[in-house]
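User: I am new to this structure. Please show me how to read its features, one by one.
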Amino acid sequence: MANVLILILKSDATEPQIQHVIERVESLGFGAHLSRGTFRTIVGLIGDEQRLQSEPLSAIPGVAEVVPVMPPYKLASLDAHPQPSVVDVGGVPVGGGQLAMIAGPCAVEEPDRMLRIAKAVKAAGANIFRGGAYKPRTSPYSFQGLGEEGLKILRDVGDACGMPIVTEVTDPRNVETVAKYADLLQIGARNMQNFVLLTEAGQANKPVLLKRGMSATIVDWLMSAEYVLAQGNPNVILCERGIKSFDPSTRNLFDVAAVPVVKGLSHLPVIVDPSHATGKPALIPPCALAGVAAGADGVHIEVHDEPEVAKSDGPQALLPDQYAEVAQQIRQLAALLGKSIAPLPASKASG
């Protein structure tokens, strides 16, 4: 790969140092291209990128900085895949102008309630049903989820309604179990840099929904996606769910600008989660619309029919009729942008 790295030399680098840099680079088996500017001299390197990364190039006398020309997230970058990717989630295409409408309660609860909510959000336009069977909570005393029993409930409800399902996997040891039931494996914000979990999820034969960490930069986020992609799994959907802020007005800071930023760097679909970003039902509809307007490939919204008795995150859930209203607004906005809500597969649409 040409021009994999650029060595920026110190402004006071001597001629012997410059020659030593070139000799050292060539001794390692790389091509070196010298370019002298008014203020700086640079050396472009050509060679095996993996070998370049393993060499202590910044330790060569006269070298001020080592700059990669290609981004570190090789597989996630637009350089590797210039066209936007479309990820198939149980027959629902996400990306390429087709929007994911993920909806459901925070946690899996009793089967009857889950079925009611699933039918309601499907009627409103949702195409992927969500619910957490494993719940990583800040407090060890909070509801931790129903585990595999919750996965069974979620799968049964998804099958009954003809909807693919997404649920969070929190432990590398549970990836195989969760993958047996779910159509889409969610990696939560707290686990975005759990590299063992990312590797295991990448090896599962299922798409992965990767939420942005609460303090993660865009590059951190894309590098985490790279872990999944590096396992041979190309089906990754990114999810902006808000980052830490100094302002307590909202649960998190909804970084809507992250959507077009990622679109300019990566081919991966990116969706938004205004429920976790804002934590306030009144803010969810406008932030959902803002995300779609910014270019998001879908929206992830928590919905519950009785938020006051929800086992997890009830205060931030929309009621089914509220969800139906915002789903209709998203449908209208999508049409203006030349997009549409992705259809359920014909075999499931009548479920």
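Analyst: Start with two helices: the crossing of α3 and α4 is right-handed. A crossing gets that label if the near helix is turned clockwise from the far one by less than a right angle, and left-handed if anticlockwise. Helices (H or I, at least four residues) and strands (E, at least two) are DSSP runs, numbered from the N terminus. This is a predicted model: local features need pLDDT of at least 70, side-chain atom pairs count only at pLDDT 80 or more, and totals for chains, interfaces and linings use all residues. Residues are numbered from 1 along each chain as its sequence is written, and side-chain values use heavy atoms, leaving out hydrogens and water.

User: At what angle do α3 and α4 pack?
Analyst: Axes are lines fitted to C-alpha atoms, for helices over the stretch in contact, and angles run from 0 to 180 degrees between N-to-C directions. Helix α3 (residues 111-124) packs against helix α4 (residues 148-161) at about 40 degrees, with the axes 10 Å apart. That makes α3 oblique to α4. Angles under 35 degrees count as roughly parallel, over 145 as roughly antiparallel, 65 to 115 as roughly perpendicular and the rest as oblique.

User: Which residues make the contact?
Analyst: Contact means heavy atoms within 4.5 Å. From α3 come P111, M114, L115, A118, K119 and K122; from α4 come I153, L154, V157, A160 and C161. By class, this contact has 9 nonpolar, no polar and 2 charged residues. Ala, Val, Leu, Ile, Met, Phe, Trp, Tyr, Cys and Pro count as nonpolar, Asp, Glu, Lys and Arg as charged, and the others, Gly among them, as polar.

User: In what order do the strands form the sheet?
Analyst: Two strands pair if DSSP finds at least two bridges between them. Here 4 strands form an open, antiparallel sheet in the order β2-β3-β1-β4. β2 (31-36) and β4 (63-68) are at the edges with a single partner strand each, so one side of each has no neighbour in the sheet.

User: How many bridges join β2 and β3?
Analyst: β2 pairs with strand β3 (residues 41-46) over 6 bridges. The two form a hairpin with 4 residues between them. In β3, G44 stands opposite H33, and L45 stands opposite A32.

User: How is a pair of aromatic rings described?
Analyst: By the distance of the centres and the angle of the planes. Rings of Phe, Tyr and Trp (its six-membered ring) pair if their centres lie within 6.5 Å; planes under 30 degrees apart count as stacked, over 60 as edge-to-face and the rest as tilted. The whole structure has 1 aromatic pair. F195 and Y227 are stacked, 4.4 Å centre to centre, with 15 degrees between the planes.
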